[in-house]
Every structure is written in C-alpha cells, then in structure tokens.
Amino acid sequence: MAAALTACGGGGETSAEPKAAASKEVGEPKVDCAAEDVSQAEWMEYCSEEDAGAVGDEVGQSTGLKFGESYTWPDGLKVTVVEAKVFTDYDGELLESAEPGMTDFRLSLKLENTGKVSADLGDLSTIVEGATNGGQAAFTQFENGARPLEGRLASGVSATKTDDNVLESKYGKKVVVTVQRSSEDFDLEFPEFEGEIIG
C-alpha cells in the first residue's frame, strides 16, 4: 500500500512492483477494470485485491457476504444466495421423506449474466457448512420445484436456480454457503454467504 501511495504521489523512487507503479504513473490503468469484456488474466494482473482501493473494488468482497448480497466474477456472472428454506414438499411417489435428526433445505440462488458471453451454470456448485458448531451438509435433490444448476445463461439474462441439501439438525440452522466455480483460473474467488435456514 505504501508503494502504491508513493507512486501516486509522483515520487518514483520505489523499485517495488515496477510494473504496477509504471501503469499508474501514466495516469490511466492499462485496462478498464469495470469493463464487461476484461479478461480474467487482465483482471488478476491489474485489478486484483491489492489494488482494489485504487480501482474502486468493482468486483467486491468474496467473504462475509449475507444472504441477499451479491458477488460478481470478473467475466460478469453475478451470484446471490437469496435464501435457505426448510424443504417439506416431498414427492411421495418417489418415496422422498424427512429423516429424523436431519434438516432438509433448499437454497435459492439468483444468477445474472452481466458479461458479454454466455456462462455455463454447470460449472457452479455449493458447499454448505454449519456456522454455529461445525458440520457439513450433504447434497441431495428433491423433485418438486427443482431448478438445478445446469445449462447456459446468455448475456443479459437472469435466472433463479435451486440447490438441495441435508444437514444434521444438531448443527443448527445458521450456515455458510460457498459457491464454487470450476475454471482453469486457479485464482478465481469462491464467494461465501452467511445466513439462516428458515422454516
């Protein structure tokens, strides 16, 4: 941070991070971090968390998010964990039912593609952990009302998808939901949302 402040002040004496300092001394960043067509590689080089204060933190934080808040990946795919709700609408013909000592619940996720190319929702998955005293939910899928994370989402389109889970009741109803996204970019953030299973 000190090196960035020195560079902005025009001192030019620091040798730390010469590439970042040089790009800032020109007066304009080499890429527009808010542009929808910025590549992940460019974003990681010029708009990473270290420079978040300088570029306005367009992508936003990825941890400590609450249900209802959003996270946007560099390619423009925005995800919001809307709610987690106890599931009771079992399909009797499929022999779905509640198990004693378990909490069945359904996550609702809103996805919006603000980028310029379609996004593969099959690349998304969740990890749900108890936020009170541990425990990890197991993935399941209930039939009625299911809208699983699959298919593609075109540019400018939004959709609400569901993700079903089962958590031992002893772990309570406060949970942390991590939304993972498979990618060749190993630096891609996996946002974490905190909330409570309602119902």
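Visitor: Where does N113 sit?
Guide: In this predicted model, N113 belongs to strand β4, which covers residues 102–113.

Visitor: Is N113 buried or exposed?
Guide: N113 is buried, because its relative accessible area is 2% and the cut-off for buried is under 20%.

Visitor: And what does the side chain of N113 reach?
Guide: The side chain of N113 comes to 2.8 Å from the backbone oxygen of V117. Leaving aside residues up to four places away in sequence, N113 also touches several others, including G76, L77, S118 and L153.

Visitor: Changing topic, how many salt bridges are there?
Guide: The count comes to six salt bridges. One of them joins the side chains of D164 and R106, with the closest N and O atoms 2.7 Å apart. This pair links distant parts of the chain, since D164 is in strand β9 and R106 in strand β4, 58 residues apart.

Visitor: Are D164 and R106 buried or exposed?
Guide: D164 is buried, with a relative accessible area of 2%, and R106 is buried too, at 11%.

Visitor: Which residue does K66 pair with?
Guide: K66 meets E194 in a salt bridge, at 3.3 Å from N to O. K66 lies in strand β1 and E194 in strand β11, so the pair ties together parts that are 128 residues apart in sequence.

Visitor: How accessible are K66 and E194?
Guide: K66 counts as partly exposed, at 43% relative accessibility, and E194 counts as partly exposed at 32%.

Note on methods
Residues are numbered from 1 along each chain as its sequence is written. This is a predicted model: local features need pLDDT of at least 70, side-chain atom pairs count only at pLDDT 80 or more; totals for chains, interfaces and linings use all residues. Side-chain values use heavy atoms; hydrogens and water are left out. Helices (H or I, at least four residues) and strands (E, at least two) are DSSP runs, numbered from the N terminus. Buried means under 20% relative accessible area, exposed over 50%, partly exposed in between (1.4 Å probe, protein chains only). A polar contact is a pair of N or O atoms within 3.5 Å; within protein, one must be able to donate a hydrogen and the other to accept it, and residues adjacent in sequence count only if both atoms are side-chain atoms. Contact means heavy atoms within 4.5 Å. A salt bridge is a side-chain nitrogen of Lys or Arg within 4 Å of a carboxyl oxygen of Asp or Glu.
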